[in-house]
Amino acid sequence: MSEKCIPSFSYSFHEADIQYITDEVGRLFRDQRHLTMSAHGEALETDFAAYTGTRHAVSVASGTAALEIALRAVGVEGGEVVVPTNTFGATVVSVLRAGAVPVFADTSDDMSVSVEDVEARIGPRTRAVVTVHIGGLVSPRTVDLARLCEERGVPLVEDAAHAAGASYRGRRAGTFGVAAAFSLFSTKVMTSGEGGLIATDDERIRDTARLLRDHAKNPDGTMSTTGYNWRLTEMQAIVGRVQLRRLDEMIAGRNAVAAVYDERLAGIEGVRLLTPPDGAVHNRYKYIVELERHRPQDVQRRLDEKFGIALGGYVYQTPCHLQDAFRSYAAGPFPGADRICPAHICPPIYPDMPANDAAYVADCLREVLNG
């Protein structure tokens, strides 16, 4: 094996970031300030809403919590929610926990949900449609999907777990639907270790989210509905604020790595690079390569054994309609997802990745794919 080892991902903090986080967390404990849902959380919400271009943001414990809360806020209980089969299972679990039945829709060539299939699956019991910005790309099809949902009178909810900072034609992820759920998990472009954010223009959704994230407690401590402990701590909010300040810089760093890949992986037979269209700012949470002639598992093994390169996680290798937990909700066919989900790889990409490391990965991948 090569002595050079390239990790699959790396989060990015400057020394000044670390010092600021250390100072602020220390101040919290020294001054005995509130450790959850206080000044830093409120500041994160204000700053994130301004960044995304929405009127409101609500901080919560995870991206999964954000999506479940958003779905509960739009009132999906007792109905159906059309959801991509190409997504992480948490998207589907959020639908189920919100009291609705998932209806799977197929995948387009750019890994976004098929608008045509969504249209065919909207029915009298549909309470919402969920779109997922896979890999950090806001697909141009999102505009068509939003238009379809408006015409049908069905709320569009964005699962923007991958997509902080991504945009299409000047509109950031989080502004295409009635609400959007973002993740701050450790692998994401913007991270606080754990955490999530809901973005919305709707005051009612904002107020419902604030209620549900804190056990749905009324001001007098009683409950008229049920929520959960979905609070974001002040320590996480401090980290999130630091990351938000550097989000555009981190996205630029990721795109610099992607540019190296684009140049060095171009023209390989049997390989399709999922490049962003004109007008899109891809945050490059994932760099996606579709393979027409190679098994991803074989490529992954050879890169690791021969060159010390670990690939990033798939998005996603097994679509939800083929997973045991969700098979009972599958009503296919899903030819797009069945083709692209098991046939792609994600080379490592992170904002501080040196250009020579990116070139090394691309050259090794080219050697494997041409072998």
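**Salt bridges and a buried helix face**

Guide: Let's start in helix α10 (residues 296-307), where E305 and R301 are 4 residues apart, so about one helical turn separates them. Keep in mind that this is a predicted model.

Visitor: What makes the contact between E305 and R301 a salt bridge?

Guide: Their side chains come to 3.6 Å, N to O. The cut-off is 4 Å between a side-chain nitrogen of Lys or Arg and a carboxyl oxygen of Asp or Glu, so the pair qualifies. As for the general idea, side chains of opposite charge can pair when their charged atoms come close.

Visitor: How many salt bridges does a search of the whole structure find?

Guide: It finds 23. One of them joins E80 and R125 at 3.2 Å, N to O. That pair links distant parts of the chain: E80 is in strand β2 (residues 80-84), R125 is in the loop between α5 (115-121) and β4 (126-132), and they are 45 residues apart.

Visitor: What makes D214 and R231 a salt bridge?

Guide: The distance again: 2.6 Å, N to O, which is within 4 Å. Both sit in the loop between α7 (203-212) and α8 (234-245), 17 residues apart.

Visitor: Which residues are buried in α7?

Guide: I205, R206, A209 and L212 are buried there.

Visitor: How do you know that the buried residues of α7 line one face of the helix?

Guide: Look down the axis of α7: the buried residues fall within an arc of 140 degrees, so they line one face.

Visitor: What covers the buried residues of α7?

Guide: The cover includes β1 (56-60), α3 (63-74), β8 (179-183) and β9 (196-200).

Visitor: What caps the N-terminal end of α7?

Guide: D202 does: one of its side-chain oxygens lies 2.7 Å from the backbone nitrogen of R204. The limit for a polar contact is 3.5 Å, so that distance passes.

Notes: Residues numbered from 1 in each chain as written. Predicted model: local features only at pLDDT ≥ 70, side-chain atom pairs only at ≥ 80, totals over all residues. Heavy atoms only, no water. Helix = DSSP H or I, 4+ residues; strand = E, 2+ residues; numbered from the N terminus. Buried < 20%, exposed > 50% of the residue type's maximum accessible area, 1.4 Å probe, protein only. Arc of directions from axis to C-beta. Contact = heavy atoms within 4.5 Å. Polar contact = N/O pair within 3.5 Å; in protein donor to acceptor, adjacent residues only side chain to side chain.
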